[in-house]
Amino acid sequence: MIPRNLFQFHHSYEKLGIVERVCVERWQLMNPDWDYHFVTNEEGDAVVRELLGERFGLYEKAHFGAKNDLRRVAMLHKHGGLYADTDLYPIAPLWRYIPMDKDRVLFAYTNRDLFLGGLLASKAGDPMTIEIINLSLDRMRERPAPPRESRETWMSWHFDVRDT
(Lines give C-alpha, C1' and ligand atoms only; values in the text may rest on other atoms or scores of the structure.)
Protein backbone atom coordinates (compact mmCIF):
# COMPACT_ATOMS: atom_id res chain seq x y z
CA MET A 1 0.00 0.00 0.00
CA ILE A 2 1.32 3.43 -0.97
CA PRO A 3 1.54 5.89 1.92
CA ARG A 4 0.22 9.43 1.40
CA ASN A 5 3.60 11.14 1.16
CA LEU A 6 4.12 13.53 -1.74
CA PHE A 7 7.76 14.39 -2.52
CA GLN A 8 9.20 17.07 -4.77
CA PHE A 9 12.90 17.93 -5.14
CA HIS A 10 14.76 21.08 -6.14
CA HIS A 11 17.90 23.02 -5.21
CA SER A 12 15.73 25.17 -2.95
CA TYR A 13 12.28 26.72 -2.92
CA GLU A 14 13.86 30.11 -3.58
CA LYS A 15 15.37 28.85 -6.86
CA LEU A 16 12.06 27.63 -8.25
CA GLY A 17 10.86 29.47 -11.33
CA ILE A 18 7.37 30.96 -11.43
CA VAL A 19 5.89 27.98 -13.32
CA GLU A 20 7.48 25.53 -10.88
CA ARG A 21 6.10 27.49 -7.92
CA VAL A 22 2.61 27.38 -9.39
CA CYS A 23 2.94 23.62 -9.93
CA VAL A 24 4.32 22.95 -6.43
CA GLU A 25 1.58 24.99 -4.78
CA ARG A 26 -1.10 23.33 -6.90
CA TRP A 27 0.07 19.85 -5.85
CA GLN A 28 -0.42 20.88 -2.24
CA LEU A 29 -3.80 22.56 -2.81
CA MET A 30 -5.21 19.65 -4.79
CA ASN A 31 -4.03 17.01 -2.33
CA PRO A 32 -4.64 18.30 1.20
CA ASP A 33 -4.91 14.77 2.59
CA TRP A 34 -1.33 13.98 1.56
CA ASP A 35 1.77 14.83 3.63
CA TYR A 36 3.70 17.20 1.39
CA HIS A 37 7.53 17.20 1.47
CA PHE A 38 9.60 19.76 -0.44
CA VAL A 39 13.08 18.23 -0.35
CA THR A 40 16.31 20.00 -1.25
CA ASN A 41 18.88 18.16 -3.31
CA GLU A 42 21.18 18.11 -0.29
CA GLU A 43 18.50 16.47 1.85
CA GLY A 44 17.95 13.94 -0.92
CA ASP A 45 21.69 13.29 -1.10
CA ALA A 46 21.66 12.40 2.61
CA VAL A 47 18.98 9.75 1.98
CA VAL A 48 21.01 8.37 -0.93
CA ARG A 49 24.18 8.31 1.22
CA GLU A 50 22.35 6.38 3.94
CA LEU A 51 21.02 3.85 1.43
CA LEU A 52 24.18 3.38 -0.64
CA GLY A 53 26.84 3.38 2.06
CA GLU A 54 30.21 2.58 0.41
CA ARG A 55 28.71 2.96 -3.06
CA PHE A 56 27.96 6.66 -2.49
CA GLY A 57 31.23 7.64 -4.22
CA LEU A 58 29.86 6.30 -7.49
CA TYR A 59 26.74 8.41 -7.02
CA GLU A 60 28.87 11.52 -6.39
CA LYS A 61 30.54 11.06 -9.80
CA ALA A 62 27.19 10.84 -11.62
CA HIS A 63 25.80 13.63 -13.76
CA PHE A 64 23.01 15.81 -12.38
CA GLY A 65 20.17 13.97 -14.15
CA ALA A 66 21.28 10.57 -12.87
CA LYS A 67 21.55 11.96 -9.34
CA ASN A 68 18.01 13.31 -9.57
CA ASP A 69 16.71 9.93 -10.68
CA LEU A 70 18.43 8.18 -7.79
CA ARG A 71 17.33 10.78 -5.21
CA ARG A 72 13.65 10.30 -5.98
CA VAL A 73 13.82 6.51 -6.01
CA ALA A 74 15.87 6.42 -2.78
CA MET A 75 13.32 8.67 -1.05
CA LEU A 76 10.47 6.43 -2.16
CA HIS A 77 12.41 3.36 -1.02
CA LYS A 78 12.90 4.87 2.43
CA HIS A 79 9.50 6.46 3.03
CA GLY A 80 7.12 5.34 0.32
CA GLY A 81 4.75 7.74 -1.37
CA LEU A 82 4.62 9.61 -4.65
CA TYR A 83 7.30 11.64 -6.39
CA ALA A 84 6.33 14.40 -8.85
CA ASP A 85 8.67 16.69 -10.77
CA THR A 86 8.33 20.33 -9.72
CA ASP A 87 7.38 21.37 -13.25
CA LEU A 88 4.57 18.84 -13.53
CA TYR A 89 1.23 20.64 -13.40
CA PRO A 90 -1.49 18.51 -11.78
CA ILE A 91 -4.93 18.65 -13.37
CA ALA A 92 -6.71 16.32 -10.95
CA PRO A 93 -6.27 15.24 -7.32
CA LEU A 94 -4.20 12.13 -6.78
CA TRP A 95 -7.14 10.09 -5.51
CA ARG A 96 -8.55 10.13 -9.05
CA TYR A 97 -5.67 8.25 -10.64
CA ILE A 98 -3.41 6.70 -7.99
CA PRO A 99 -4.70 3.31 -6.82
CA MET A 100 -3.61 3.33 -3.17
CA ASP A 101 -3.99 -0.43 -2.72
CA LYS A 102 -1.05 -1.16 -5.07
CA ASP A 103 2.61 -1.53 -4.13
CA ARG A 104 3.68 0.79 -6.94
CA VAL A 105 2.31 2.95 -9.71
CA LEU A 106 4.31 3.76 -12.83
CA PHE A 107 3.21 5.79 -15.83
CA ALA A 108 4.45 4.68 -19.24
CA TYR A 109 5.34 6.74 -22.25
CA THR A 110 3.20 6.08 -25.30
CA ASN A 111 4.96 3.71 -27.73
CA ARG A 112 8.10 3.41 -25.58
CA ASP A 113 9.21 0.75 -23.15
CA LEU A 114 10.08 3.31 -20.48
CA PHE A 115 8.29 4.59 -17.42
CA LEU A 116 7.97 8.28 -16.69
CA GLY A 117 10.52 9.11 -14.01
CA GLY A 118 8.84 12.43 -13.25
CA LEU A 119 5.79 10.82 -11.63
CA LEU A 120 5.98 7.53 -9.79
CA ALA A 121 4.77 6.01 -6.56
CA SER A 122 5.69 3.03 -4.40
CA LYS A 123 5.40 1.63 -0.93
CA ALA A 124 8.40 1.96 1.39
CA GLY A 125 10.95 -0.78 0.88
CA ASP A 126 9.53 -1.76 -2.51
CA PRO A 127 11.98 -4.20 -4.16
CA MET A 128 11.46 -2.37 -7.46
CA THR A 129 13.02 0.81 -6.06
CA ILE A 130 16.18 -0.93 -4.88
CA GLU A 131 16.38 -2.78 -8.20
CA ILE A 132 16.25 0.54 -10.08
CA ILE A 133 19.00 1.91 -7.85
CA ASN A 134 21.21 -1.16 -8.29
CA LEU A 135 20.71 -1.26 -12.06
CA SER A 136 21.50 2.45 -12.28
CA LEU A 137 24.70 2.04 -10.28
CA ASP A 138 25.72 -0.95 -12.42
CA ARG A 139 25.20 1.14 -15.54
CA MET A 140 27.28 3.97 -14.07
CA ARG A 141 30.09 1.54 -13.32
CA GLU A 142 29.97 -0.07 -16.76
CA ARG A 143 29.37 3.12 -18.72
CA PRO A 144 30.53 6.28 -16.97
CA ALA A 145 29.33 9.57 -18.35
CA PRO A 146 31.65 10.93 -21.06
CA PRO A 147 33.08 14.41 -20.59
CA ARG A 148 30.48 17.06 -21.36
CA GLU A 149 32.36 18.40 -24.36
CA SER A 150 32.40 14.97 -26.05
CA ARG A 151 28.68 14.27 -25.78
CA GLU A 152 26.64 14.85 -28.90
CA THR A 153 23.63 15.53 -26.72
CA TRP A 154 22.62 14.54 -23.24
CA MET A 155 19.67 12.64 -24.69
CA SER A 156 21.78 10.56 -27.07
CA TRP A 157 24.16 9.56 -24.29
CA HIS A 158 21.48 8.91 -21.67
CA PHE A 159 19.21 6.80 -23.87
CA ASP A 160 21.89 5.28 -26.12
CA VAL A 161 20.35 6.77 -29.26
CA ARG A 162 22.53 6.02 -32.27
CA ASP A 163 22.36 6.93 -35.92
CA THR A 164 21.40 3.89 -38.01
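**Note on helix H4 and its neighbours**

1. Directly after H4 comes Gly80, a residue whose phi is positive, near 70°. The model under discussion is a predicted one, and the points below should be read with that in mind.

2. As for the overall layout, the chain has 6 helices and 5 strands, and these follow one another along the sequence in the pattern β-α-β-α-α-α-β-β-β-α-α. Of the 164 residues of the chain, 41% count as buried. Among the contacts between residues at least 6 apart in sequence, 71% join residues at least 24 apart.

3. H4 itself has 16 residues, which at 1.5 Å a residue should span 22 Å, and its end C-alpha atoms lie 23 Å apart, in agreement with that expectation. The buried residues of H4 are Ala66, Lys67, Asn68, Leu70, Arg71, Arg72, Val73, Ala74, Met75, Leu76 and His77, a list in which the charged residues Lys67, Arg71 and Arg72 are included.

4. Helix H2 (residues 41–52) packs on helix H4 (residues 64–79) at an angle of about 70°, with the two axes 9 Å apart; H2 and H4 are therefore roughly perpendicular to each other, and their crossing is left-handed. On the H2 side the contact involves Asn41, Gly44, Asp45, Val47, Val48, Glu50 and Leu51, which meet Phe64, Asn68, Leu70, Arg71, Ala74, Met75, His77 and Lys78 of H4. By type, the residues of this contact divide into 7 nonpolar, 4 polar and 4 charged.

5. Helix H5 (residues 127–142) also has 16 residues, and the 22 Å from its first C-alpha to its last is close to the 22 Å expected at 1.5 Å a residue. Its buried residues are Met128, Thr129, Ile132, Ile133, Leu137 and Met140, and they pack against H2, helix H3 (56–60), H4, strand E4 (104–108) and strand E5 (115–122). In an α-helix there are 3.6 residues a turn, so residues three or four places apart point the same way.

6. The axes of H4 and H5 come within 9 Å and cross at roughly 155°, and the two helices are therefore roughly antiparallel to each other, with H4 passing H5 in a left-handed crossing. H4 contributes Ala66, Leu70, Val73, Ala74, Leu76 and His77 to this contact, while H5 contributes Thr129, Ile130, Ile132, Ile133, Ser136, Leu137 and Met140. The residues of the contact of H4 with H5 divide into 10 nonpolar, 3 polar and no charged, whereas 4 charged residues take part in the contact of H2 with H4.

Methods
Residues are numbered from 1 along each chain as its sequence is written. This is a predicted model: local features need pLDDT of at least 70, side-chain atom pairs count only at pLDDT 80 or more; totals for chains, interfaces and linings use all residues. Side-chain values use heavy atoms; hydrogens and water are left out. Axes are lines fitted to C-alpha atoms, for helices over the stretch in contact, and angles run from 0 to 180 degrees between N-to-C directions. Helices (H or I, at least four residues) and strands (E, at least two) are DSSP runs, numbered from the N terminus. Angles under 35 degrees count as roughly parallel, over 145 as roughly antiparallel, 65 to 115 as roughly perpendicular and the rest as oblique. A crossing is left-handed if the near helix is turned anticlockwise from the far one by less than a right angle, and right-handed if clockwise. Contact means heavy atoms within 4.5 Å. The expected span of a helix is 1.5 Å times one less than its number of residues. Buried means under 20% relative accessible area, exposed over 50%, partly exposed in between (1.4 Å probe, protein chains only).
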